Amino acid sequence: MTFAPSRRPALPGDGLSVHHTSVDDPLVRPMLDELAREYRGRYGSDHDLHRYPAAEFAPPEGEFLLLLENGEAVAGGAYRRHSPLTAELKRIWTHSEHRRRGLARRVLLALEQSAVAAGYQRLYLTTGPRQPEAKGLYLASGYRPLFDLSVDPETIGPLPFEKDLPPAPDGPNDGPPVPPGTPRHDLETRTS
């Protein structure tokens, strides 16, 4: 499958653009290299970066995007199909020299918008227990923790989160009607 990258403005006048691309794009390599160093520093391994084939992050069921500033990747992220109605966020990253600028929130927003356009109704993600800044980002961005926040994260392992997505602007997202109050895990088994 071939996929032509595209660039769209992130916000008018801020010099940032969203670059929809693939894992194989040369602009992605520095991001993945720095992410691998960070994972090795925090966890002693970067095995999670090699767990999924690149094709899982390509349309129509996936997405890989970069936030570019002056042609260089300053942040990025991806999603892949988790279930028929749920996308799983992966590789949310901000270059170490560009942190504390709100770029990760902008990546999340772009991924959320893309997932809605692709017909997903929900996002799921996990982050490591040694990434308190990521945990804070997801909580501040409206993601529900699927774990007890009062428990030491090191005793939990990967910290799971979820977020319901709004309907697509042109109508409801694809998928069967869901009775109010249906637990999320029931939805996953009903639609698989």
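This briefing covers the fold, the surroundings of one loop glycine and the aromatic pairs of the chain.

The structure is a predicted model, in which local features need pLDDT of at least 70 and side-chain atom pairs count only at pLDDT 80 or more, while totals for chains, interfaces and linings use all residues. Residues are numbered from 1 along each chain as its sequence is written, and side-chain values use heavy atoms, with hydrogens and water left out.

**Overall architecture**

- The chain holds four helices and eight strands, where helices (H or I, at least four residues) and strands (E, at least two) are DSSP runs numbered from the N terminus.
- Read from the N terminus, the order of these elements is β-β-α-β-β-β-α-β-α-β-β-α.
- Of the 192 residues of the chain, 48% count as buried, a term that stands for under 20% relative accessible area, with exposed meaning over 50% and partly exposed in between (1.4 Å probe, protein chains only).
- Contacts (heavy atoms within 4.5 Å) between residues at least 6 apart in sequence join residues at least 24 apart in 58% of cases.
- The accessible surface of the chain comes to about 10,100 Å², of which carbon and sulfur atoms hold 54%; such areas come from the Shrake-Rupley method with a 1.4 Å probe, and for residues only the protein chains shown count as cover.

**The loop at Gly-142**

- Gly-142 lies in the loop between α3 (132–140) and β7 (144–145), and its relative accessibility of 41% makes it partly exposed.
- Leaving aside residues up to four places away in sequence, Gly-142 touches Glu-162 and Lys-163.
- The C-alpha atoms of Gly-142 and Lys-163 are 6.8 Å apart, although 21 residues separate the two in sequence.

**Aromatic pairs**

- Six aromatic pairs are found in a search of the whole structure; rings of Phe, Tyr and Trp (its six-membered ring) pair if their centres lie within 6.5 Å, and planes under 30 degrees apart count as stacked, over 60 as edge-to-face and the rest as tilted.
- One of them joins Tyr-52 and Phe-57 edge-to-face, at 6.3 Å centre to centre and with 90° between the planes, and both residues are buried.
- The pair of Tyr-79 and Tyr-120 is edge-to-face because the ring centres are 5.8 Å apart and the planes stand at 85°.
- This second pair links distant parts of the chain, 41 residues apart, with Tyr-79 in strand β4 (residues 72–83) and Tyr-120 in the loop between α2 (103–117) and β6 (122–127).
- Tyr-79 is buried at a relative accessible area of 1%, and Tyr-120 likewise counts as buried at 4% relative accessibility.
- Tyr-138, Tyr-143, Phe-147 and Phe-161 are linked into a cluster by ring pairs.
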